[in-house]
Amino acid sequence: MSPVSSRERNTPLGGPASIVETACPLDCPDACSLHVTVRHGKVVTIDGSHRNPVTNGFICAKVRRFGERLYGTDRLQYPGVRRGRKGQGRFERVSWDVALGLVAERMERAKRESGGESILPYSYGGSNGLMTQDNLDATLWRRFGTSRLARTVCAAPTGAANMALYGKMPSVTYDDYPDAKLIILWGVNPSASGIHLVPYVREAQKRGAALVVIDPRSTPLARSAAVHLPVKPGTDVVVALALHRYLFANGYADRQFLQAHSVGSDQLRERAEEWTIERAADVAGIPAADLQQAADLYARSSPALIRCGWGLERNRNGGNAAMAVLALPAVGGKFGVRGGGYSMSNSASWDIERPWITAPEPGTRIVNMNHLGRALLDYDNPPVNLLFVYNCNPAATVPDQHRIVRGLEREDLFTVVFEQVMSDTALYADVVLPATTFLEGYDFARAYGPVHIDLGLPVIEPVGEARSNADVFGELCSRLNVLTEDEVSGELDLLIRVLDTLPGTVGADLRAGRKPAPSFGTRPVQFVDVFPKTRDRKIDLFPAALEESAPAGLYRYQGDPATAEYPLTLISPASERTISSTLGELPRPDVKLLMHPEDAAERGLTDNDLVRIFNELGEVHTTLSVLPTVRPGTVSLPKGLWRRSTRNGVTGTALVPDSLTDIGGGACFNDARVQVASLPVG
Ligand SMILES: Nc1nc2c(c(=O)[nH]1)N[C@H]1C(S)=C(S)[C@@H](COP(=O)(O)OP(=O)(O)OC[C@H]3O[C@@H](n4cnc5c(=O)[nH]c(N)nc54)[C@H](O)[C@@H]3O)O[C@H]1N2
Ligand SMILES: Nc1nc2c(c(=O)[nH]1)N[C@H]1C(S)=C(S)[C@@H](COP(=O)(O)OP(=O)(O)OC[C@H]3O[C@@H](n4cnc5c(=O)[nH]c(N)nc54)[C@H](O)[C@@H]3O)O[C@H]1N2
Ligand code: SF4
Ligand SMILES: [Mo]
């Protein structure tokens, strides 16, 4: 029996024009409810619906354009086998049977000749729903004994800090922002990266809350902040330590709370000791008076809420920055009231185990995904001979682009890319497999800002011969004989298992033939309704394991990697045009490097000049935008560019070293140090 009534499935595919209610699962905190108009089986418009009050009828401009991805010239419609040079993108259409037969045969050969670890499955979030990752793919890789992947390109440092301090306790949801009297947006730009938070921040401001924004750029919300600290990227750890020192030194530390609910506050206090307001302000390149004002506001306000974003984690000091920032509400005694505490990724709030993956994890080699280039070029014992990429576009999004491309060019590497579009990575495939998008299948959208789960329905039939991850990995599992009899083996099977496992009412609604409403979690008050999920339920302010593993120890600043030759910091924040590199194939206005007027003047550059941005790893050619919306010494390019979006087919990730963060093994995107010069014409 299908768990979905035929009415739900037929409406979208039938009549000449119908409206389908679905949900956006993409890697964005908001998980919007969508209203999709379909005519003659094709998507015509995509808009926000009111079914989910957080969405409130509006969505971002990029997903409104998703139809252009569905039917665009870059869409992959059929399996293909490479016929040209690697990177050239010439493929011959083959059947799924031939393509999957070839993939299975090459996997078996790789395992026979060099062992399962010579196969590297490479994936990240993709569509980011429950159906599209960590399901049959996980079963396949585990049973086949491939290398394992540490998925660290994002949220690894902040995640590790949140786990170590609080065991990833659920955090403040959007609904409770209006209760705050002070909101600190720390390394986060909701105006681009989670637009539904903005109205809640505005509502809080309307009710008298003060806003502090800590960001090297003057983002839209920074412009209305009581205090904007345009810190030098990578210096957040010292800024946060100065706040700790101030709280401890001036009687604002909540000793009673610390005593009852934490361990390690003395060591934290010791490490903070050297960071006076003046010294931290000097290192961060901000006025000491502004930092003092932020410290006073934080010390005296309640409820005080810190939204810790991901902008502060993407550098060599990122793990300790996240530790120091997330420790602030503990020291300041900000928990225990609605609107107080911290707010981070709420992705762990539902505690969704995946009981349908029964294969145990093998003890095979772990490859950090930020070292893809090295893995392809340097690893031996065994070398990586087969790379299987899905849910990810590493040639565009992972550090050290040139090294990755050199790896992908290896003639003796067999590369499978399972993708929705002919991405920068797919161009290097030996076999390309076309994947469905979230509008062509079922998925579960999990919000990680607010807390809700919503069901995504197939709005249209798959375009061309595109197939879902569950379907394709299910077939590979059976071709390679890795499933036991009672295991989930295909898409429908998986859908039923997920429905059985989900908390809330999504599953029940669906079975009863009701249009499922988003299922909401609670609005927990930290230290009233929810507590740390650490072993002793206490906050561990000085986790011994991290003190040992972090190169300079906990709460230590490792300095700035700038040199005289490459003095400028290149950052690459989320933009309104793409989600990471998803939708980056669509036409866009000329991509520009943002630079402060002082830096431009120093280099004799003016607005709209053609420039080269370069360091020892590579060189990117774009036009220049000279504006004071970024601090001097820092320049900015959008994240997620495709190689076609710059003048020379090289993007910002080519300038990013593949070094790792102090905690969590994360990517150091914002440790790119560069020089910028005018590009001679001709
Ligand atoms: N439109 C859109 N939305 C997205 C995404 C997208 O690509 N596009 N991506 C999604 C994903 S995968 C993620 S992880 C989130 C990320 O969302 P955010 O947390 O907003 O992360 P970023 O955009 O990387 O950076 C946020 C801000 O940090 C600033 N920043 C850079 N370096 C530093 C620093 O060292 N310290 C401080 N304090 N600030 C710094 C940047 O200027 C930027 O304004 O957004 C999600 N939502
Ligand atoms: N310069 C710079 N680069 C960055 C960052 C930065 O700050 N600066 N931030 C990084 C961040 S925060 C992140 S999260 C990473 C993300 O980097 P990636 O993981 O590469 O994310 P996307 O670029 O969105 O690529 C996901 C791909 O999966 C495909 N896909 C989607 N759904 C499915 C599916 O169901 N099946 C299959 N087979 N494929 C699917 C999409 O078409 C898309 O091409 O990028 C990072 N890159
Ligand atoms: S990307 Fe975010 S804002 Fe845009 S539709 Fe999806 S959930 Fe909503
Ligand atoms: Mo991310």
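Trainee: Which residue in β20 does Ile453 stand opposite?

Mentor: Ile453 has Ser519 of β20 across from it. Please keep in mind that the model is predicted.

Trainee: How many bridges link β19 and β20?

Mentor: Two bridges join them, and the pairing of β19, residues 452-456, with β20 is antiparallel.

Trainee: In what order do the strands of that sheet come?

Mentor: The order is β18-β19-β20, three strands in an open sheet with antiparallel pairing. β18 (443-446) and β20 (519-520) are at the edges with a single partner strand each, so one side of each has no neighbour in the sheet.

Trainee: And what do strands of a sheet pair through?

Mentor: Strands in a sheet pair through backbone hydrogen bonds, in either a parallel or an antiparallel way.

Trainee: Let us change topic. Which residues are closest to ligand 1?

Mentor: The closest are Ser193, Asp215, Arg217, Asp236 and Thr578, out of 34 residues that surround ligand 1. That shell divides into 15 nonpolar, twelve polar and seven charged residues.

Trainee: What lies 3.1 Å from a nitrogen atom of ligand 1?

Mentor: A backbone N or O atom of Ile214 does. A side-chain N or O atom of Asn670 is also 3.1 Å from a nitrogen atom of the ligand, and for the side chain of Lys639 the distance from such an N or O atom to a ligand nitrogen is 3.0 Å.

Trainee: How much of ligand 1 does the protein bury?

Mentor: The protein buries 98% of the 910 Å² that ligand 1 exposes when taken alone.

Technical notes:
Residues numbered from 1 in each chain as written. Chains lettered and ligands numbered in written order. Predicted model: local features only at pLDDT ≥ 70, side-chain atom pairs only at ≥ 80, totals over all residues. Heavy atoms only, no water. Near = heavy atom within 4 Å. Polar contact = N/O pair within 3.5 Å; in protein donor to acceptor, adjacent residues only side chain to side chain. Areas by Shrake-Rupley, 256 points an atom, 1.4 Å probe, with all protein chains shown as cover. Nonpolar A, V, L, I, M, F, W, Y, C, P; charged D, E, K, R; others polar. Pairing = 2+ DSSP bridges. Helix = DSSP H or I, 4+ residues; strand = E, 2+ residues; numbered from the N terminus.
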